[in-house]
There are 2 protein chains.
Amino acid sequence: MSAARTYVHPDTEDISLPRVLFALSEPLRLEMVRKLAERGEMDSLDLGPDLPRSTLTHHTSLLRESGVVFVRAEGRKCMISLREQDLESRFSGLVETVLSGYESDADQGHDDRAGGER
Amino acid sequence: MSAARTYVHPDTEDISLPRVLFALSEPLRLEMVRKLAERGEMDSLDLGPDLPRSTLTHHTSLLRESGVVFVRAEGRKCMISLREQDLESRFSGLVETVLSGYESDADQGHDDRAGGER
DNA sequence: ATAATAGTTCGAAGATTCTCGAAAGATCAA
DNA sequence: TTGATCTTTCGAGAATCTTCGAACTATTAT
C-alpha cells in the first residue's frame with residue numbers, strides 16, 4: 001500500500017512576495033530556478049546533482065512551499081517545474097526580471113565590505 | 001572632535017542579487033523600501049517610528065550593506081534614500097517589479113499551509 | 001559645559017535556516 | 001519477495017537572523 005507521494009502547493013492567490021523573494025535569495029535555489037526557467041520541467045536530481053539528497057529535498061520543498069515551483073511524482077522520481085504562469089499572474093515580470101539580472105553561476109561568493117564612501 | 005558619522009556603501013557593480021533579494025524578503029524592510037520609493041529620501045525615524053532604535057539601525061544597515069539604500073548623516077539625523085539608479089543599472093526593472101507586486105501594508109501575516117493538491 | 005536628542009555598537013536570547021547522515025517510505029524490476 | 005534506486009522524514013549541529021536593552025558616540029541647543 002502506502003499513499004502515493006503527493007505534494008502540497010499554495011494557491012496562486014496565497015503566494016506571498018516576501019516568501020518568494022526569500023526563496024530566490026539563496027544562491028543555490030536561485031540557480032535551480034534559473035535552470036528551470038531555461039529548460040522547463042526537470043528531474044530533481046538534475047537540479048542538484050552534487051547535493052546530498054536530504055539537502056536537495058529541503059530546497060525543493062522550500063521552493064514548493066513558497067509557491068515558486070510545482071512538484072509531481074513520476075515513478076520514483078520527482079519532477080519539478082517553475083510556476084511561471086502563477087507567478088506571472090501574481091507578480092508580473094518578477095521572475096523574468098530577477099533572472100535577467102542574474103549572470104548564471106559565476107559572480108558568486110561576494111565579499112562585500114567593499115565600496116567607497118560616495 | 002570625533003569623526004563625523006560616515007557610512008560604507010558597496011560599489012554599484014558589487015551589488016549582489018541574492019543579497020538584494022534577501023534584503024527585500026523581510027516584510028519590515030520591504031515596507032521601508034516601499035516608503036522610500038514613494039516619498040524619496042526620508043529621515044530614518046520616519047521609516048520605522050515604532051521600532052526600537054537598535055532594531056531600526058539593524059535593518060537600515062542591512063539595506064545599506066546590501067546596496068539597496070544610501071545613507072547620509074544630516075545633523076543628528078540619518079537620511080535614507082533608495083539607490084534607484086544604481087539598482088536600475090544593475091538589475092533593470094527589479095525594484096519597480098517587486099514594488100508593483102506588493103500591496104502596501106495589508107496582506108501581511110500569512111499562514112500558508114493553505115493550498116490544495118492541484 | 002550640560003542637557004537633550006539621534007544614531008550606533010555590543011551582547012545576549014530566541015527563532016530560523018542550512019547541511020547532511022541515518023533511517024524509513026515509495027517504486028520498479030526481477 | 002528481494003534488491004536497487006529515489007525521495008522524504010527526523011534529528012542534530014553550526015551558522016545566521018531578528019529583536020532589543022544597555023551603554024556609548026555624535027550633534028545641537030541652552
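Which side chain has an N or O atom 2.7 Å from a phosphate oxygen of DNA strand D? The side chain is that of A:S44. This is a predicted model, in which local features need pLDDT of at least 70, side-chain atom pairs count only at pLDDT 80 or more, and totals for chains, interfaces and linings use all residues. Residues are numbered from 1 along each chain as its sequence is written, chains are lettered from A and ligands numbered from 1 in written order, and side-chain values use heavy atoms, without hydrogens and water.

- The surface comprises 8 nonpolar, 9 polar and 8 charged residues; Ala, Val, Leu, Ile, Met, Phe, Trp, Tyr, Cys and Pro count as nonpolar, Asp, Glu, Lys and Arg as charged, and the others, Gly among them, as polar.

**Individual atom pairs**

- An N or O atom in the side chain of B:H59 is 2.5 Å from a phosphate oxygen of DNA strand D.

**Contributing elements**

- Two or more residues each come from α3 (44–47) and α4 (53–65) of chain A and from α4 (53–65) of chain B; helices are DSSP runs (H or I, at least four residues), numbered from the N terminus.
- α4(B) gives the most, with 5 residues.

Note on methods
A polar contact is a pair of N or O atoms within 3.5 Å; within protein, one must be able to donate a hydrogen and the other to accept it, and residues adjacent in sequence count only if both atoms are side-chain atoms.
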